[in-house]
Amino acid sequence: MSMKRVDRDMGRFRQIVRGKIKKDLRKYMSHGEMIGRQGKRYVSIPLPQIDIPQFRYGAKQGGGVGQGDGDVGDPVAQGDGEPGQGQAGSEPGQHTLEVDVSLDELAAILGEELQLPNIEPKGKKNIVSEKDKYSGIRRTGPNSLRHFKRTYREALRRQISAGDYDMADPIVVPIRDDMRYRSWKETMQPESNAVIIYMMDVSGSMGSEQKELVRITAFWIETWLRSQYKEIEMRYIVHDAAAKEVDQETFYHIREGGGTKISSAYKLCNRLIDERYPAVEWNVYPFHFSDGDNWGGGDTRECIELLKNELLPKSNLFCYGQVRSLYGSGRFAHDLEEYLGSDERIVISEIAERDDIYDTIKDFLGKGK
């Protein structure tokens, strides 16, 4: 089989896989198992209901021809079947195939299916990189950079001016002085980078199921934003009545007791932005997850003021995801909606169960900010 045929068949198979993922994207987005199969640039996705290609033999190959005892002239017939027990099954066999899909391809599928607009970066000056740009022509250089059209043009011009060009026999032969080569210069090019600041309530009312909802939602947020920016930095803040910065592992597994004071997380987030991620240079994405419980109206009012005066002006988008809990009041989302619901810089979404993750991601990322 030729390599072109193999490549063509593999391309068709990838299209089938891509279509299958798109069709069942809501289901994949609600499951956390695939996140555990995540590599550096790929994620392994189990795809049931796709038959693995295999050889199948017809009944004529079942008789054992050419094997066992026999004499010349004995008739050849299909082998005797062995008696079996029980009834034939009524359900088809389940074929499960694990396919490695790049995070870039997964982001493209996510963007197509959810109709996500590409993000227009806000901060662009934070990192400047050197980049070679071929911007001119010169008389010397390596053969690998030889510019054929310019060389041919110089040779043609020389032969015409010297009277050596014959229109009946239009042969153009470049000499050393005709050779032209591409030249380059180093340019300083700004790169658009972003920071995601995750904040999560880890008080007693936020259990393991709520944190799993946050973990799955965060995976899809990162998958999309990484496709939009050159580099992404991640910061993690946990809070109950007080806030602190932690690493990723601690973020998803720590559990504290006591009450909830959301303003403590917003103050720490604001300090991080001011000290490390100025809004004129960085694309800032704070995401806060909570079950909606907060210490009285006083702290909620302080949160509203922090958002209006500090966090919203500094962020590309501020996203609040409220996960349902048996113990949380769910009040905070209603307060945000009442006081800031008309502000396009904030997105409020409720995640009652895993199936809601699909809609939450569309809420969070559907504005192209």
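Two residues are in contact when heavy atoms of each lie within 4.5 Å. In this predicted model, threonine 151, leaving aside its neighbours within four places in sequence, is in contact with Arg146, Pro174, Asp178, Met179 and Arg180.

**Threonine 151 and helix H4**
- Threonine 151 belongs to helix H4, which spans residues 148-162.
- The relative accessibility of threonine 151 is 4%, so the residue counts as buried.
- A salt bridge joins the side chains of glutamate 154 and arginine 157, with an N to O distance of 3.7 Å.
- Glutamate 154 and arginine 157 are three residues apart in helix H4 and are therefore separated by about one helical turn.
- Glutamate 154 counts as buried at 13% relative accessibility, whereas arginine 157 counts as partly exposed at 48%.

**Nonpolar cores**
- The largest nonpolar core has 51 residues, of which Tyr198, Leu225 and Phe287 touch the most other members.
- Helix H5 (residues 208-228) supplies the largest share of this core, with nine residues.
- At least three residues of this core come from each of domain 1 (5-46 + 96-114) and domain 3 (193-366).
- Another core, of 28 residues, lies apart from it and includes Val195, Leu268, Cys269 and Tyr277.
- Leaving aside neighbours within four places in sequence, the contacts of tyrosine 198 include Ala218, Ile221, Met234, Phe251 and Phe287.

**Helix H9**
- Phe332, Ala333, Asp335, Leu336 and Leu340 are buried in helix H9 (residues 331-340).
- These residues lie on the same side of H9, because they cover an arc of only 160° around the axis.

**Cysteines**
- The structure contains zero disulfides.
- Cysteine 269 counts as buried at 0% relative accessibility, and cysteine 303 is buried with a relative accessible area of 0%.

**Salt bridges between separate elements**
- The count of salt bridges comes to 13.
- Glutamate 302 and lysine 267 meet through their side chains in a salt bridge at 2.8 Å, N to O.
- Glutamate 302 lies in helix H8 (residues 296-314) and lysine 267 in helix H7 (residues 262-276), so this pair ties together parts 35 residues apart in sequence.
- Glutamate 302 is partly exposed, at 31%, and lysine 267 counts as partly exposed at 39%.
- Glutamate 212 lies in helix H5 and arginine 354 in the loop between strand E10 (346-351) and helix H10 (357-365), 142 residues apart.
- Glutamate 212 is buried, with a relative accessible area of 18%, while arginine 354 is partly exposed, at 25%.

Definitions and conventions:
Residues numbered from 1 in each chain as written. Predicted model: local features only at pLDDT ≥ 70, side-chain atom pairs only at ≥ 80, totals over all residues. Heavy atoms only, no water. Helix = DSSP H or I, 4+ residues; strand = E, 2+ residues; numbered from the N terminus. Buried < 20%, exposed > 50% of the residue type's maximum accessible area, 1.4 Å probe, protein only. Arc of directions from axis to C-beta. Core = buried A, V, L, I, M, F, W, Y, C linked by side-chain atoms within 4.5 Å. Domains from an automatic or database assignment. Disulfide = S-S within 2.5 Å. Salt bridge = Lys/Arg side-chain N within 4 Å of Asp/Glu carboxyl O.
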